[in-house]
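Trainee: I would like to go through the labels used for this model. Please set each one against its cut-off.

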Amino acid sequence: TYTGGVGGSFALNDKKSTQTITIPAGQNTLSGVRDAINSAGAGVTASIVNDGTGYRLLISSNDTGAANAMRIQTTGSLGALAYDATAALPTSMTQTQTAIDAQFSLDGISITKSSNTVTDALDGVTFTLLKSNSGSPTTLSVSRDTSTIATMITNFVSAYNTMKTSLNNLTSYDDKTKVAGTLQGDATTLSIESQLRGIFNGALSNAGGGYTTLSDVGISFKKDGTLTLDTGKMNTALADSTKDIASLFGTVGKPTDSLITYSKALDTTKPGNYAVNVTQIATQGKLTGNAALAGTTTITTGSNDALTLTVDGKSVSVTLTAGSYTPATLAAEIQSKVNGALGASGSTVSVGSGTAASVSGGVDISALTFPFAPASGNDTFNVTIDGTTKTISLSGGSYADATEMGEALGAAINAQFGDGTVDVSIEDGTALRLTARGASAISVAADGSSTLAADLFGTTTTSTGSELTVTSNAYGANSNITITGGTAAASLFGTIATGSIAVNVAGTINGEAATGFGQKLTSTTGDSAGMVISVIGGSTGSRGTIKFDHGFAVKLTNAIDAMTDTSGIITSRTDGLNKSIDDLGDQSEKLAARLVSIEARYRAQFNALDAMIAGLQQTSTFLDQQLSALSGSSSSKK
């Protein structure tokens, strides 16, 4: 930050990246420069002002606070835009307003923030600082916003009652009109009503919010099956700051360990009190140089200003600004340039410097026979850090490759000296390197007659000094740092190329092995399947429990989703009714076809009978004629 005008000081903001703005040819006018700056999205805004004597370019940081001062470095013909508070001679630009932090006190505690909007001073409260009120403090009263929660609970009860009223209308019978509801007596509808009521009659044994039933907050059933809300009881529950009313309605996971956070779970994850055991803490990819930087380092344009590295699998090349640097300011310069080059990739790094002791092996470990299994009696060696010696054992281990062996070695050393004491890396893929940050000396020696030290390190060398460390801000196996080239690589980082090996978190949830990715641990089997937690620190071993439950609103949603799913009871009932309708249609078609056949048969029978009657009538007529003739013949004979 600036501490004055020319001759002052400037420190790079380690949370911001250096931004490069290119002014296109033919656009080096005030308006052209302004437009180029504003379209670059570099975190600053340019404008043109008329001060009465002429037009001037004004460049302002978009962010407030002492850490957001500016240094402008130029190339080519744009020297008029340069400004550096540390310059020995006046520069063309003039600082008109110094970047400063907001300062205020809260209950007598002095607080400094970079913004006038403060969200992290008091949990759940946002302060907006509008003006100074020195000598006349403002009294701030903070209370819970219970009205919004009360409205949400009221809406929840109202929504359920609307649904219940619809079900009642469909299943009821009106004695006066003698009209029954369309679904009166329907078994599926009755089952739905029973299931929904059963949800609300239960208790949440693992919510962990202090409330377990809806009646705790004034919600109960009336005789007609709708819900009623006792607002007095609800308001009493809302006023109790020691309890979490939200846990009654939403899905919640409450870890007992402050360094474990609950992320999410599936609808199918079952409520329970799940034990968490961590067998491996996630680490970050880190590379520590073995070049001891003493005093001041000079970066010269075109000589030692280029650096190429890979961060989390992404390759970037940067050009450092020429100048003289202390180890700390050089670290800030590298961090700013690298993060600027990474841009929107999602990866960032932290670069630091500090005293470190390191020991490099003289054995090409890639040439060892793998799997490498130290034999009994030759599986230990000694490591000494600042006079403290510990025996490191790889007893019983078998390692598939050099990377796996490096992981085991780092875990074994840090188990003895404490997590994070030593970084283990492999220089150029061949030599083991141990680096102890903040230490003045580290050495490796044989333990008795064991040859493991010689097998892994051979001839070792020890170095001390201010060494640069580049750390990926990501965690897990995908986090890595590799120096791949550049004219500054050797002088700033030495011979090391590949950093320490980062690992994912590992452990169990509910006694079942979980999948680790970065700091996230995901349960894949058992009742807790689908639960995701983050282990953001701490140690290995038992890490307490997570009380997990689905609140009543979630249970209701899940039940309705299940009922309306393609395999739910409503779909099954609908499919059944559709099948019955189809069956009736088939029966109707068959009956119609049968009627046609019967009609045809009856018509044929009718026609046959009609023909037979006609024949009989003809016979009758014939007989009548014959009888008449016989009668005439008999009379004439007399």
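**Labels and cut-offs**

Mentor: Asp-257 and Arg-543 form a salt bridge, with the closest N and O atoms 2.6 Å apart. The pair joins distant parts of the chain, 286 residues apart: Asp-257 sits in the loop between β11 (251-255) and β12 (260-264), Arg-543 in strand β31 (residues 541-550). This is a predicted model: local features need pLDDT of at least 70, side-chain atom pairs count only at pLDDT 80 or more, and totals for chains, interfaces and linings use all residues. Residues are numbered from 1 along each chain as its sequence is written, and side-chain values use heavy atoms, with hydrogens and water left out.

Trainee: What makes Asp-257 and Arg-543 a salt bridge?

Mentor: The term needs a side-chain nitrogen of Lys or Arg within 4 Å of a carboxyl oxygen of Asp or Glu. Here the closest N and O atoms are 2.6 Å apart, so the pair qualifies.

Trainee: Why is Arg-543 called buried?

Mentor: Its relative accessible area is 6%. Buried means under 20%, exposed over 50%, partly exposed in between (1.4 Å probe, protein chains only). So Arg-543 is buried.

Trainee: Why does Lys-286 count as partly exposed?

Mentor: Lys-286 has 23% relative accessibility, so it falls in the in-between class. Its salt-bridge partner is Asp-423, at 3.8 Å, N to O. Asp-423 is buried, because its value is 13%.

Trainee: Why is α2 called roughly antiparallel to α3?

Mentor: Helix α2 (residues 146-171) and helix α3 (residues 187-201) pack at about 155 degrees. Angles over 145 count as roughly antiparallel, under 35 as roughly parallel, 65 to 115 as roughly perpendicular and the rest as oblique. So α2 is roughly antiparallel to α3.

Terms used. Axes are lines fitted to C-alpha atoms, for helices over the stretch in contact, and angles run from 0 to 180 degrees between N-to-C directions. Helices (H or I, at least four residues) and strands (E, at least two) are DSSP runs, numbered from the N terminus.
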